[in-house]
Amino acid sequence: MGLFRGVRPLLAAFLRPLSASAPARSLALVYERHGEPARVLQLKDQERAELGHFGVHVKMLAAPVNPADINMIQGTYALLPDLPAVGGNEGVGQVVEIGSHVTSLKPGDWVIPIDAPVGTWRTDAVLSEGSLLKIPRNIPLLCAATLSVNPCTAYRMLADFETLEPGDSIIQNAANSGVGQAVIQIAAALGIKTINVIRDRPNLQELVHRLTSLGADHVVTEEMLRKPEMNDLFKKVPKPRLALNCVGGRSTTDMLRHIQQKGTMVTYGGMAKQPVTVPVSAFIFKDVKLHGFWMTQWKKNQTQNKDRLTGMILNLCDLIHKGQLTAPVCTEVPLKDYQIALEASMRPFTSSKQILVM
Ligand SMILES: NC(=O)c1ccc[n+]([C@@H]2O[C@H](COP(=O)([O-])OP(=O)(O)OC[C@H]3O[C@@H](n4cnc5c(N)ncnc54)[C@H](OP(=O)(O)O)[C@@H]3O)[C@@H](O)[C@H]2O)c1
């Protein structure tokens with residue numbers, strides 16, 4: 001009798017549905033104050049939030065370390081979470097369980113977050129239905145994990161500022177960044193020529209080859225951009241209608257010198273942490289237009305109607321299916337080894353997106 005009394009709870013636990021018996025815990029990279037990520041982030045075993053009627057329990061599969069995540073932890077980003085917070089704003093997860101009032105998602109679906117800050121560097125999260133977007137499950141995991149920020153940014157910048165036709169050209173700096181690699185591939189799929197500026201490095205030819213194999217038409221270093229030989233390049237390709245600036249400082253000024261009459265420059269990053277200096281002649285004699293772009297704001301603007309967002313994601317997935325858009329070069333790092341991923345993501349010339357795998 002005594003034996004059976006001990007076995008019964010065990011049996012009951014075994015017979016309960018898996019979702020209900022799973023411990024409501026989550027391993028998460030948490031920061032309680034802003035500072036250098038390697039110092040302030042801690043891997044913590046946390047209690048998971050209650051599912052409630054409207055919650056979606058998501059098991060995170062993979063999440064990248066992006067520059068904005070680092071800036072958010074440092075406290076220098078335009079958008080900061082309440083503390084303590086979980087790091088990371090992008091990634092892909094699988095739905096495990098849904099609240100009784102959730103209608104658009106079901107267990108097994110792959111989802112990506114729409115909102116920021118969200119906290120994707122954790123094994124499990126309970127998020128609201130409205131903050132998630134379902135994506136097709138038949139794209140590679142690394143494409144899914146890196147889909148919602150960089151390819152979307154590249155897509156919007158190519159679509160929203162100039163009406164580009166096949167044969168037109170664009171110029172971009174930090175062309176080996178995640179955004180840059182997406183720009184190269186989406187532009188190539190549209191027949192738009194790309195002039196890609198990168199920093200010089202010991203293994204330059206290897207990187208040039210890698211970008212060319214993605215579809216880059218021309219790859220030049222920041223130093224080459226200042227040389228008269230650039231005029232030879234513009235005998236083969238039209239001057240760019242659009243410049244995409246991720247760097248700031250001298251790189252940007254030099255890029256602007258090559259832009260077409262009435263062309264547009266879109267600034268979306270400031271990796272050099274230097275202001276954008278515009279030559280007076282670019283304003284007076286070329287009448288250039290200068291814009292900024294922030295994907296987070298664009299997504300916020302779609303909250304009432306998600307059709308444009310869903311349409312863009314489906315278009316990007318279509319490019320992925322056709323083999324025209326791949327994930328950036330990635331290094332997969334187990335969540336527990338996050339210090340390695342943080343260090344690599346902040347080192348110059350890494351040229352590989354660090355992906356935390358859960
Ligand atoms: N506005 C938006 O909505 C939006 C969306 C996505 C990304 N972003 C921004 O875009 C930038 C790139 O993001 P990502 O995820 O694509 O980055 P990533 O893949 O980590 O690449 C970082 C890039 O920055 C370059 N870089 C770093 N320091 C530099 C410096 N001092 N001078 C010149 N280049 C430098 C790196 O080149 P090396 O190989 O030479 O180190 C690399 O090309 C970040 O600033 C990010 O915040 C903005």
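**Figure 1. Lys 262 sits in a loop between a helix and a strand.** The place to look is the loop that links helix 10 (249-256) to strand 13. Helices here are DSSP runs of H or I with at least four residues, strands are E runs of at least two, and both are numbered from the N terminus. Lys 262 is not a glycine, yet its phi is positive, at about 60°. Most residues other than glycine have a negative phi. Bear in mind that this is a predicted model, with local features needing pLDDT of at least 70, side-chain atom pairs needing 80 or more, and totals for chains, interfaces and linings using all residues. Residues count from 1 along each chain as its sequence is written, and side-chain values use heavy atoms, with hydrogens and water left out.

**Figure 2. Asp 287 also has a positive phi.** Here the angle is about 55°, and again the residue is not a glycine. Asp 287 belongs to the loop running between helix 11 (280-284) and strand 14.

Figure 3. Two strands count as paired if DSSP finds at least two bridges between them. Zoom in on strand 13 (residues 264-267) and you'll find it joined to strand 14 by 4 bridges, in the parallel sense. Within that view, look for Met 265, which stands opposite Leu 290 in strand 14.

Figure 4. Strand 1 (residues 25-31) pairs with strand 2 over 7 bridges, running antiparallel. For a handy landmark, find Leu 29 and look across to Leu 43 in strand 2.

**Figure 5. Two prolines follow cis peptide bonds.** Going from Leu 83 to Pro 84, the peptide bond is cis, and its omega is near 0°. Pro 84 is in the loop that connects helix 4 (67-74) with strand 4. The other cis bond in this figure joins Ala 116 to Pro 117, and there omega is about -5°. Pro 117 lies in a loop as well, between strand 6 (110-113) and strand 7 (124-128). As a reminder, most peptide bonds are trans.

**Figure 6. The ligand sits among 25 residues.** Those that come nearest are Asn 176, Gly 178, Arg 201, Met 295 and Lys 353; a residue is near if one of its heavy atoms lies within 4 Å. The shell takes at least three residues from each of domain 1 (19-146 + 327-357) and domain 2 (150-296), with bounds from an automatic or database domain assignment.

Figure 7. The pairs shown are N or O atoms within 3.5 Å of each other. Lys 353 uses a side-chain N or O atom, 2.7 Å from a ligand oxygen. Arg 201 also puts a polar side-chain atom by a ligand oxygen, at 2.8 Å. Tyr 268 works through its backbone instead: an N or O atom there is 2.9 Å from a ligand nitrogen. On its own the ligand has 920 Å² of accessible area (Shrake-Rupley, 1.4 Å probe), and the protein covers 84% of that. Helix 6 (150-160) and helix 7 (178-190) are the elements giving two or more residues to the shell.

Notes: A polar contact is a pair of N or O atoms within 3.5 Å; within protein, one must be able to donate a hydrogen and the other to accept it, and residues adjacent in sequence count only if both atoms are side-chain atoms.
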